[in-house]
Amino acid sequence: MGFEDARPGTVRPGGRTARVRTSVLRAAGDALAEHGFAHLDLADVARRAEVGKTTVYRRWGTVTSLVADLLLDMAEQSLPRTETGSLLGDLKANARLVQRTLADPRQGALFKAVIAAATCEAKTAEALHRFYDIRVKEWAPCVQQAVDRGEVPEGTDVHEVIRAVSAPLYYRLLTSSAPLDEAAADQAAEAAVAAARAGAYLRGDGGRA
């Protein structure tokens, strides 16, 4: 789905409120990567961010609300899609962004923690789904352009193609000891393109939007 450098709390223009949010979200991301969701504590996040506990409790209230804001920030700060002029080139760019993010020690650990939390926390699951929905929609036009160029069939579900690119990479992150490297990213992109060209992602409605 492509969110390399989707690091929480990326510095950007703004007043004191924006700076506090940046510091707190960066601290929350660090804590999640180090200790996981179960040990995420608002007081610890405030200490790491060097802001008052009252500020953190007043603005976010719960750790699930803080994680939801963290994911929103990561989606907003993620890199835009790359358009190379071919579906394979576009999806390789997408896959390599995902691969670099998940292979990063901090970011990989952060995503493991959030995904684990989403299995038992409804609000975290909702926030995670929203994050991925934003990223899939960012890259889906690459597939639609391939449809328009005749690279893949009319009626291809453009969102499913994008999901198919990152799915094998998440599988490696969460369940496998296989290397999460650039070769794996390229293989995932190539498999998604081959399947799309073969009509594997045709919508069941006959191609109607």
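In this predicted model, the axes of helix H5 (residues 87-103) and helix H6 come within 5 Å and cross at roughly 90°. H5 is therefore roughly perpendicular to H6, a label that covers angles of 65 to 115 degrees. Helices here are DSSP runs of H or I with at least four residues, numbered from the N terminus, and axes are lines fitted to C-alpha atoms over the stretch in contact, with angles running from 0 to 180 degrees between N-to-C directions. Thr101, Leu102 and Ala103 of H5 meet Pro105, Gln107, Gly108 and Phe111 of H6, where contact means heavy atoms within 4.5 Å.

The structure holds 3 aromatic pairs, that is, rings of Phe, Tyr and Trp (its six-membered ring) with centres within 6.5 Å, called stacked under 30 degrees between planes, edge-to-face over 60 and tilted for the rest. Phe111 and Phe131 form a tilted pair, 5.8 Å centre to centre with 50° between the planes. Since Phe111 lies in H6 (residues 105-118) and Phe131 in H7 (residues 122-149), the pair ties together parts that are 20 residues apart in sequence. Both Phe111 and Phe131 are buried, meaning under 20% relative accessible area (1.4 Å probe, protein chains only).

Phe131 pairs edge-to-face with Tyr132 as well, at 5.1 Å centre to centre and 75° between the planes; Tyr132 is buried too. Phe111, Phe131, Tyr132 and Tyr170 form one aromatic cluster.

Residues are numbered from 1 along each chain as its sequence is written, and side-chain values use heavy atoms, leaving out hydrogens and water. Local features need pLDDT of at least 70 and side-chain atom pairs count only at pLDDT 80 or more, while totals for chains, interfaces and linings use all residues.

Note on methods
Helix = DSSP H or I, 4+ residues; strand = E, 2+ residues; numbered from the N terminus. Buried < 20%, exposed > 50% of the residue type's maximum accessible area, 1.4 Å probe, protein only. Parallel < 35°, antiparallel > 145°, perpendicular 65-115°, else oblique.
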